[in-house]
Amino acid sequence: MDLSQSDLIRNYVLMGLDPVTQSRIYIQYWNPIENMFNYENQSTLMDDFFRDYITSIEGQIPTKSLVYENFKRIYNDLSHDTVEDICSDIYKSAKLYTNMHYARDESMELNSLFRDIKSLKMNFDEIDDPHKIGRDVTNIGTWGNGNMEILMDSVNQIPSILYIIGQSYDKQLN
């Protein structure tokens, strides 16, 4: 049986650690991360998470089959950070990611927005994007629906993002 990209990443991070540290890192970070993801779709969604995690670090979407290789490169570049620092960052990102994906944030308002965003769908060529904050991912794919990706660099982009979301709502209502 082939291991998922996320299984390969877990094994890579934990291998080479002394048994006490390996156990502590697994108990404190990896097991909770794995438990954040729905068991039935765990490896698929975790693979998507790591792809998006790498995208957030590098600013470009890696090919699905190369997620593990990209992670190893990033991990080795972060050699000045401790394993604990890296795992803590992954844990925090996974918590945010799964809160959005499963709409299970502490804020009911955010959960409502997360559900709304997942239901939006428009083709890239149908969107008016005057500030050019989106990109066409028709042939790449990404988390969510539709074929537009927006990577937010600043809170100043929120009005532009809301404008794009509003277009999808208008389309659904008409």
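Among contacts in the protein chain between residues at least 6 apart in sequence, what percentage join residues at least 24 apart? In this predicted model, the figure is 58%.

**Figure 1. Overview of the protein chain.** The secondary structure of the predicted chain comprises seven helices and two strands. Their order along the sequence follows the pattern α-α-α-α-α-α-β-β-α. Of the 174 residues, 37% count as buried. The mean pLDDT of the chain is 83, and 90% of the residues score at least 70. Confidence is highest in helix H2 (residues 19-36), with a mean of 95, and lowest in strand S2 (residues 148-150), with a mean of 75. Where pLDDT is low, predicted coordinates should not be read in detail.

Figure 2. Helix H1 spans residues 5-14. Seven of its ten residues are buried, so H1 is largely enclosed by the rest of the structure. The buried residues of H1 are Gln5, Ser6, Ile9, Arg10, Tyr12, Val13 and Leu14. The elements that cover them include H2, H3, H4 and H5. Just after H1, Gly16 adopts a positive phi of about 85°.

**Figure 3. The largest nonpolar core.** This core contains 28 residues, and Trp30, Phe37, Phe50, Phe71 and Ile90 are those with the most contacts inside it. At least two residues of the core come from each of H1, H2, H3 (42-58), H4 (67-77) and H5. A second, separate core consists of six residues, among them Ile133, Met148, Ile164 and Ile165.

**Figure 4. The contacts of Phe37.** Phe37 is one of the residues with the most contacts inside the largest nonpolar core. Neighbours within four places in sequence are left aside in this view. The residues in contact with Phe37 are then Gln42, Leu45, Met46, Phe49, Ala94, Tyr97, Thr98, Tyr102 and Arg104.

**Figure 5. The crossing of helices H3 and H4.** The axes of H3 and H4 come within 10 Å and cross at roughly 45°. The two helices are therefore oblique to each other, and their crossing is left-handed. On the H3 side, the residues that meet H4 are Phe50, Arg51, Tyr53, Ile54, Ile57 and Glu58. Their partners in H4 are Val67, Asn70, Phe71, Arg73 and Ile74. Phe50 and Phe71 also belong to the residues with the most contacts inside the largest nonpolar core.

**Figure 6. Asn99 in helix H5.** Asn99 is found in helix H5. With a relative accessible area of 10%, Asn99 is buried. Apart from residues up to four places away in sequence, Asn99 touches Arg104, Asp105, Asn111 and Phe114.

**Figure 7. Two residues with positive phi.** Ala103 has a positive phi of about 50° although it is not a glycine. Ala103 is located in the loop between helix H5 (83-102) and helix H6 (108-119). The relative accessibility of Ala103 is 12%, which is under the 20% limit, and Ala103 therefore counts as buried. Lys132 likewise is a residue other than glycine with a positive phi, near 55°. Its position is in the loop between H6 and strand S1 (134-136). Lys132 is exposed, with a relative accessible area of 68%.

Conventions: Residues numbered from 1 in each chain as written. Predicted model: local features only at pLDDT ≥ 70, side-chain atom pairs only at ≥ 80, totals over all residues. Heavy atoms only, no water. pLDDT = per-residue confidence, 0-100. Helix = DSSP H or I, 4+ residues; strand = E, 2+ residues; numbered from the N terminus. Buried < 20%, exposed > 50% of the residue type's maximum accessible area, 1.4 Å probe, protein only. Core = buried A, V, L, I, M, F, W, Y, C linked by side-chain atoms within 4.5 Å. Contact = heavy atoms within 4.5 Å. Axes fitted to C-alpha atoms, helices over the stretch in contact; angles between N-to-C directions. Parallel < 35°, antiparallel > 145°, perpendicular 65-115°, else oblique. Left-handed = near helix turned anticlockwise from the far one by under 90°.
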